[in-house]
Amino acid sequence: MATLKRLTKVEAVRLFAEEWRQMLEHEPKWKGDSIAKREAFHNFVDSLNKDRLISDNQANRWSNPY
């Protein structure tokens, strides 16, 4: 059975930052909205956990960098 490689927090933050930049190109109204960015990061981490790209422990321990 193949073992999934878990993302590190650095990798996850890098991926999120790219997604956030792309989202701002389509929805510039969110630029500067730190609350929306924090919520989006929380949702991003949750989706990584549901897709098993990060463990439950990682999802629960990681602080929000935004």
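This is a predicted model: local features need pLDDT of at least 70, side-chain atom pairs count only at pLDDT 80 or more; totals for chains, interfaces and linings use all residues.
N49 is buried, with a relative accessible area of 17%, where buried means under 20%, exposed over 50%, and partly exposed in between, using a 1.4 Å probe and protein chains only. Residues are numbered from 1 along each chain as its sequence is written, and side-chain values use heavy atoms, with hydrogens and water left out.

Let me stay with N49, which is found in helix α2; helices here are DSSP runs of H or I with at least four residues, strands are runs of E with at least two, and both are numbered from the N terminus. Which residues is N49 in contact with, leaving aside its neighbours within four places in sequence? They are I54, S55, D56 and A59, contact meaning heavy atoms within 4.5 Å. With D56 there is also a polar contact, side chain to side chain, at 3.0 Å; that term covers a pair of N or O atoms within 3.5 Å, where within protein one must be able to donate a hydrogen and the other to accept it, and where residues adjacent in sequence count only if both atoms are side-chain atoms. By contrast, D33 is 16 residues from N49 in sequence and 25 Å from N49 in space, C-alpha to C-alpha.

R52 counts as exposed because its relative accessibility is 58%. Its phi is near 65°, a positive value in a residue other than glycine. As background, most residues other than glycine have a negative phi.

Back in helix α2 we find A40, which counts as partly exposed because its relative accessibility is 23%. Setting aside neighbours within four places in sequence, A40 is in contact with F16 and W20.

In helix α1, which covers residues 9-26, I would point to L24. Is L24 buried or exposed? At 19% relative accessibility, L24 counts as buried, and, not counting residues up to four places away in sequence, L24 touches W30 and K31. R61, on the other hand, is 37 residues from L24 in sequence and 27 Å away, C-alpha to C-alpha.

Finally, the whole chain. The protein has 3 helices and 0 strands, in the order α-α-α along the sequence, and its C-alpha atoms fill a box of roughly 45 × 20 × 20 Å along the principal axes. Of the 66 residues, 23% are buried. If we take the contacts between residues at least 6 apart in sequence, 60% of them join residues at least 24 apart.
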